[in-house]
Amino acid sequence: MADSKSGIREIGLAAHSAGVQRLLSSYRAIPRDANVRLAKKTSNLFRARAKSTAPGLDVSGLGGVISVDPDARTADVQGMCTYENLVAATLPYGLAPLVVPQLKTITLGGAVTGLGIESTSFRNGLPHESVLEIDILTGSGEIVTATPDNEYADLFHSFPNSYGTLGYSTRIRIELEPVKRFVALRHLRFTDLKQLEQTMARIVTERTWDGIAVDYLDGTVFTPTESYLTLGAQTDEPGPVSDYTDMNIYYRSIQHESVNHPKTDRLTIHDYLWRWDTDWFWCSRAFGTQNPKIRRFWPKRYLRSSFYWKLIGLDQKYDIGDRLEARKGLPPRERVVQDIEVPLDNCEQFLSWFLEEIPIEPLWLCPLRLREPAHPALDANRPNHEAAPRPWPLYPLDPGRTYVNVGFWSSVPIESGAPVGAANRLIEKKVSELDGHKSLYSESFYDEDDFALLYGGDHYTQIKKRYDPDSRLLDLYSKAVQRK
């Protein structure tokens with residue numbers, strides 16, 4: 001592979017065992033009347049984290065790749081391993097996780113217990129669907145190995161979207177898929193959102209466009225009359241490639257004038273997987289780094305999402321943004337940082353509504369479907385060659401139905417007298433009207449009954465009692481909405 005020099009050393013079982021023992025020791029040190037939480041300073045969450053003066057779980061020894069099996073196309077990975085390190089370990093074998101979320105510092109455990117998504121999700125589903133088995137430290141302090149069909153199968157299926165309220169992963173065995181050295185891109189422009197929706201539906205079904213296979217699919221919406229679908233095809237054909245890790249900005253490269261002639265591009269597989277990270281999609285513009293005069297002097301090591309997150313953390317702590325707005329005589333702003341899913345046939349309706357009501361652009365689109373066993377090449381490693389998609393009760397999606405993830409990450413002015421979270425509440429209502437869901441990594445404002453209907457209800461309560469009988473971990477509603 002072209003990127004073999006980026007590989008990292010696999011840590012092995014002995015180092016993993018030592019990390020697990022450190023974790024267990026830290027669990028025992030937490031007072032019985034204190035909530036168990038991670039002792040982790042960084043996060044990709046955009047909601048308030050639980051406050052505690054008690055010591056947290058020591059996960060410092062759980063951030064590596066234990067081993068990669070290139071023959072079985074699997075990897076054993078520690079729960080706190082970032083996708084940046086995971087990809088660095090698998091690419092030298094010509095392999096990659098089936099879904100690689102967009103930001104380098106997202107952890108595998110975070111993507112499984114939360115929800116990750118990317119441009120392979122129209123064919124590979126979500127990250128938790130490629131999990132074969134998982135070791136979980138439950139709220140009761142026991143580490144169990146959960147698989148789709150063992151005595152802990154209920155925990156296995158309930159773990160996705162539980163956000164650490166049922167336990168924390170220590171080891172995850174995942175499937176991998178072969179990848180080629182490069183990704184050839186075609187950016188299709190649309191002036192009509194309904195046509196974009198229809199084209200997306202056709203590509204998801206046929207997995208080709210204009211006679212060329214589509215391995216990766218996502219979209220970008222700038223206005224109702226300017227939107228794009230980006231189609232990626234794996235290739236080993238040598239040739240020039242683009243580099244968006246310096247002065248050039250990836251999302252701006254998508255734009256062009258021709259509806260009839262797609263713009264083309266090529267990236268290494270490594271750079272394709274991290275194409276969004278350099279500028280955190282388009283969020284780097286909030287820090288001025290898309291201004292060429294500033295970007296030229298901005299250290300390259302800080303052109304990455306994890307650094308921008310640190311700046312946002314400072315803003316949240318000291319209200320820097322609102323203070324600057326006040327100096328200009330402008331109202332404070334409400335943060336609207338969300339990913340939602342709506343059925344594909346409701347996509348145009350949601351986008352048209354959003355662009356009319358919420359002053360945020362661009363928007364990111366990512367189609368997804370639950371993995372289907374109708375594609376043997378994708379399911380060769382599945383236990384017992386399962387005949388149907390697995391159920392995921394805390395984030396139910398209909399088998400055989402295509403959804404579209406819409407991501408929007410910015411802020412809007414707060415209107416005088418508006419309730420807290422007014423824009424976010426409006427979005428939640430619209431998403432529910434369109435038979436959709438919203439990810440829980442950011443602020444949520446549902447009442448408890450509506451939340452239960454969307455995110456597991458009585459099933460979650462039963463699983464919670466079994467694996468966290470003393471409520472050492474926050475429950476999902478408290479963590480995602482009440483933010484205790």
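**Terms and model.** A residue counts as buried when its relative accessible area is under 20%, as exposed when this area is over 50%, and as partly exposed in between, with a 1.4 Å probe and protein chains only. The model is a predicted one, in which local features need pLDDT of at least 70 and side-chain atom pairs count only at pLDDT 80 or more, while totals for chains, interfaces and linings use all residues. Residues are numbered from 1 along each chain as its sequence is written, and side-chain values use heavy atoms, with hydrogens and water left out.

**Figure 1. The protein chain as a whole.** The chain holds 17 helices and 16 strands; helices (H or I, at least four residues) and strands (E, at least two) are DSSP runs, numbered from the N terminus. Of its 484 residues, 56% count as buried. Among the contacts (heavy atoms within 4.5 Å) with a separation of 6 or more, 75% involve residues 24 or more positions apart. The accessible surface, from the Shrake-Rupley method with a 1.4 Å probe, is about 20,600 Å², and 51% of this surface belongs to carbon and sulfur atoms.

**Figure 2. Salt bridge between R275 and E118.** A salt bridge is a side-chain nitrogen of Lys or Arg within 4 Å of a carboxyl oxygen of Asp or Glu, and 23 are counted by this rule. In the bridge of R275 with E118, the closest N and O atoms are 3.0 Å apart. R275 sits in the loop between α8 (269-273) and α9 (292-295), and E118 in the loop between α3 (108-113) and α4 (121-124), so the pair ties together parts that are 157 residues apart in sequence. R275 is buried, at 4% relative accessibility, and E118 is buried at 3%.

**Figure 3. Salt bridge between R371 and E175.** The closest N and O atoms of R371 and E175 lie 3.2 Å apart. This pair links distant parts of the chain, 196 residues apart: R371 belongs to the loop between β14 (363-368) and α13 (376-379), and E175 to strand β6 (residues 167-178). R371 counts as buried because its relative accessibility is 1%; E175 is also buried, at 1%.

Figure 4. The side chains of K464 and D468 meet at 2.8 Å, N to O. K464 is buried at 8% relative accessibility, and D468 is buried at 2%. Salt bridges with shared partners also join D76, E133, D135, R171 and R173 into one network.

**Figure 5. Helix α14.** This helix (residues 422-433) has twelve residues and reaches 17 Å from its first C-alpha to its last, close to the 16 Å expected at 1.5 Å a residue, where the expected span is 1.5 Å times one less than the number of residues. Its buried residues are A423, N424, I427, E428, K430 and V431. Seen down the axis of α14, they fall within an arc of 170°, so they line one face of the helix; the arc is that of the directions from the helix axis to the C-beta atoms. The buried residues pack against β13 (333-343), α12 (347-357), β15 (403-413) and β16 (437-438). The exposed residues K429 and E433 are on the face turned away from the buried side of α14.

**Figure 6. Nonpolar cores.** A nonpolar core is a set of buried Ala, Val, Leu, Ile, Met, Phe, Trp, Tyr and Cys residues joined through side-chain atoms within 4.5 Å. In the largest core, of 85 residues, I134 and F451 touch the most other members. Another core lies apart from this one and has 34 residues, among them L188, V214, L351 and F354.
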